[in-house]
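Thank you for making time this morning.

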Amino acid sequence: MDLPDLISAAVYTKVELLKQTFHTPHICLYVSGLKWRRTYDSAGNLLYEADHTTPPCLRLAAPGFKTDLEYGTNRENWIVMMKFDSLQYDPESRRFLLDHRGTMLPLPHMIELNETEVPALRKRFRTIAEYFASAIPKKICDAEIMTLGLLRRFLENEECSPNDTVEKFRIALDQDEQWKKTLDEHCHDLGIGRNTMRRAFCARYKISPGEYRTARRLQKINALFAESDLSIKEVAFAVGMKNVTHLNSLLRAHYGKTPSGLCRELRHSATPPTA
């Protein structure tokens with residue numbers, strides 16, 4: 001994923017009444033001072049209305065968004081403008097999409113904040129603004145990395161409750177490190193059909209349960225090769241495989257390498273390969 005190319009970063013504090021059209025993607029931190037606001041997306045959908053009772057929030061805006069607003073005294077509104085092709089807006093779902101290596105991760109256009117979150121976010125926006133204004137390449141790079149980090153707060157995974165069924169299923173897969181149960185058995189434990197769970201899991205995480213499980217197994221294999229003195233046979237058993245032949249098939253399919261070749265590489269460099 002590329003870094004966002006910052007155009008502007010600043011705090012707005014003046015009293016203002018205006019109509020505005022966004023021409024670039026924005027990340028906004030609203031803290032205080034709003035009288036009222038209406039925001040429409042590029043298709044004319046009313047995304048939200050806000051007034052003086054609206055709590056602090058983070059908002060995303062895309063090219064073509066329009067807003068009517070009025071800010072009074074005590075205004076504090078931080079805005080970062082950027083060019084960032086990896087961040088797109090889908091009018092049909094009314095969500096933003098973050099392109100991560102070809103997988104489109106959905107983001108909400110707005111999230112309300114707890115008051116306790118505001119000081120740290122204010123500090124981050126202030127630092128981004130200061131670094132961007134410095135015109136020093138290293139600091140601008142730091143500001144771009146920090147801006148990308150802000151999007152993490154928008155990721156839907158942050159909103160998952162450990163008590164919902166899909167999250168319980170994912171946690172169960174993580175805990176079953178030796179693959180003692182099949183996917184069907186894990187679904188049965190939660191009282192849900194495999195196809196239903198697969199659809200829900202894919203919708204949530206943009207990966208199937210089987211692909212997720214394989215990715216987790218590969219992570220553990222890499223870690224054991226890099227960080228332990230276990231033999232190849234012991235590594236196979238540690239990840240729930242009955243013999244080295246299964247381990248060999250998995251690693252050849254994903255890395256094009258034998259277990260011994262991968263082991264030598266990881267124990268020499270301590271850097272896991274890219275699948």
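Glu117 has a relative accessibility of 21% and therefore counts as partly exposed, where buried means under 20% relative accessible area, exposed means over 50%, and partly exposed lies in between, with a 1.4 Å probe and protein chains only. Please keep in mind that this is a predicted model, in which local features need pLDDT of at least 70 and side-chain atom pairs count only at pLDDT 80 or more, while totals for chains, interfaces and linings use all residues. Residues are numbered from 1 along each chain as its sequence is written, and side-chain values use heavy atoms, with hydrogens and water left out.

Glu117 forms a salt bridge with Arg153, and their closest N and O atoms are 2.9 Å apart; by salt bridge I mean a side-chain nitrogen of Lys or Arg within 4 Å of a carboxyl oxygen of Asp or Glu. This pair links distant parts of the chain, 36 residues apart, since Glu117 sits in the loop between strand 10 and helix 1, and Arg153 in the loop between helix 2 and helix 3, with helices (H or I, at least four residues) and strands (E, at least two) taken as DSSP runs numbered from the N terminus. Arg153, at 27% relative accessibility, also counts as partly exposed.

Which residue does Glu16 meet in a salt bridge? Its partner is Arg75, at 2.7 Å from N to O, and here the two residues, in strand 2 and strand 6, are 59 residues apart. Both Glu16 and Arg75 are buried.

A further salt bridge joins Lys257 and Glu265 at 2.5 Å, N to O, and here Lys257 is partly exposed at 24% relative accessibility, as is Glu265 at 29%. Salt bridges with shared partners also bring Glu167, Arg170, Asp174 and Arg216 into one network, and the search of the whole structure finds 15 salt bridges.

Let me finish with the helices. The axes of helix 6 (residues 209-227) and helix 8 (residues 244-255) come within 12 Å and cross at roughly 105°, the axes being lines fitted to C-alpha atoms over the stretch in contact, and the angles running from 0 to 180 degrees between N-to-C directions. Helix 6 and helix 8 are therefore roughly perpendicular to each other, a label for angles of 65 to 115 degrees, whereas under 35 is roughly parallel, over 145 roughly antiparallel and the rest oblique. The contact (heavy atoms within 4.5 Å) includes Leu218 and Phe225 of helix 6 and Leu250 and Tyr255 of helix 8.
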